Amino acid sequence: MMQLVSLAQERFAQLQKREQLALVVMGIFFASLAFYFVLVKPIDEFRTSSSAAHERQIELYGYMKSSEAEARRAASTGSDQAGTGQSLLTDVSRIAQQLGMKPNRLQPEGTDAVSVWFDGVAFNELVRMLERLQSERGIVVQQISIDRDELPGVVRARIVLRS
């Protein structure tokens with residue numbers, strides 16, 4: 001290793017003063033680039049992404065604080081129905097029947113979700129049912145798959161609803 005350094009020093013000494021100056025300036029330039037791309041840029045990118053994540057967390061905290069009363073109210077009124085998932089099945093079935101819809105299949109998915117299958121149901125009625133479930137019971141769509149039927153405005157759907 002020392003031989004390489006001494007060889008480089010010898011060759012550098014053999015260059016003209018202008019070439020030596022150009023080589024030094026070029027070395028400083030490349031060292032600056034290496035410093036920027038190895039240290040400064042990654043640190044700045046980390047700082048920027050951390051700042052953005054911090055802002056998202058502050059927004060989430062604000063949202064959670066603003067909906068705390070509603071969540072506590074929902075938890076206190078729904079605590080007697082939690083655990084079996086039967087109230088969710090009942091709610092979905094009842095609201096579907098009130099709208100004149102008959103699910104082909106209802107299946108519990110754990111304690112707080114239910115899968116519902118519809119064949120040949122009007123799309124507008126399906127959306128109306130989902131809106132009513134959310135506004136009246138706080139039941140939201142976790143997953144949905146809709147395929148159109150041969151008749152206009154009629155669909156086949158599989159929906160996973162969560163309370």
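## Aromatic pairs

At a relative accessibility of 38%, tyrosine 36 is classed as partly exposed (buried means under 20% relative accessible area, exposed over 50%, partly exposed in between, with a 1.4 Å probe and protein chains only). The model is predicted: local features need pLDDT of at least 70 and side-chain atom pairs count only at pLDDT 80 or more, whereas totals for chains, interfaces and linings use all residues. Residues are numbered from 1 along each chain as its sequence is written, and side-chain values use heavy atoms, with hydrogens and water left out. Phenylalanine 37 is likewise partly exposed, with a value of 48%.

Two aromatic pairs are found when the whole structure is searched (rings of Phe, Tyr and Trp, the last by its six-membered ring, pair if their centres lie within 6.5 Å; planes under 30 degrees apart count as stacked, over 60 as edge-to-face and the rest as tilted).

## Helix 1 and phenylalanine 12

Phenylalanine 12 belongs to helix 1, which spans residues 2-14 (helices are DSSP runs of H or I with at least four residues, strands are runs of E with at least two, numbered from the N terminus). The relative accessible area of phenylalanine 12 is 29%, so this residue is partly exposed.

Apart from neighbours within four places in sequence, phenylalanine 12 is in contact with Gln20, Leu23 and Val24 (contact means heavy atoms within 4.5 Å). Leucine 23 is eleven residues from phenylalanine 12 along the chain, and their C-alpha atoms are 8.8 Å apart.

## Strand pairing

Strand 1 (residues 105-108) runs antiparallel to strand 2, and four bridges join them (strands pair if DSSP finds at least two bridges between them). Within this pairing, proline 108 faces valine 114 of strand 2, and glutamine 107 has serine 115 as its bridge partner. The two strands form a hairpin with four residues between them, and glycine 110 in the turn has a positive phi of about 80°.

Strand 2 is also paired with strand 4 (residues 154-162), in the antiparallel sense and over eight bridges. In this pairing, serine 115 lies opposite valine 160.

## Selected residues on and around strand 2

Serine 115 is part of strand 2. Its relative accessible area is 0%, so serine 115 is buried. The side chain of serine 115 makes a polar contact of 2.8 Å with that of glutamate 109 (a pair of N or O atoms within 3.5 Å; within protein, one must be able to donate a hydrogen and the other to accept it, and residues adjacent in sequence count only if both atoms are side-chain atoms). Leaving aside neighbours within four places in sequence, the contacts of serine 115 are Arg105, Leu106, Gln107, Glu109, Arg158, Ile159 and Val160.

Glycine 120 lies in strand 2, which covers residues 113-122. Glycine 120 is partly exposed because its relative accessible area is 45%. Beyond neighbours within four places in sequence, glycine 120 is in contact with Asp149, Val154, Val155 and Arg156. The C-alpha atom of glycine 120 is 46 Å from that of alanine 52, a residue 68 places away along the chain. Elsewhere, the charged end of arginine 105 sits over the ring of tryptophan 117, 4.4 Å from the ring centre (NZ of Lys or CZ of Arg within 6 Å of the centre and within 35 degrees of the ring normal).

## Nonpolar core

The largest nonpolar core holds 20 residues, of which Val92, Met101, Phe118, Leu126, Met129 and Leu161 touch the most other members (a core is a set of buried Ala, Val, Leu, Ile, Met, Phe, Trp, Tyr and Cys residues joined through side-chain atoms within 4.5 Å). Two or more residues of this core come from each of helix 4 (86-98), strand 2, helix 5 (123-137) and strand 4. Helix 4 makes the largest contribution, with five residues.

With neighbours within four places in sequence set aside, methionine 129 is in contact with Ile95, Ala96, Leu99, Met101 and Phe118.
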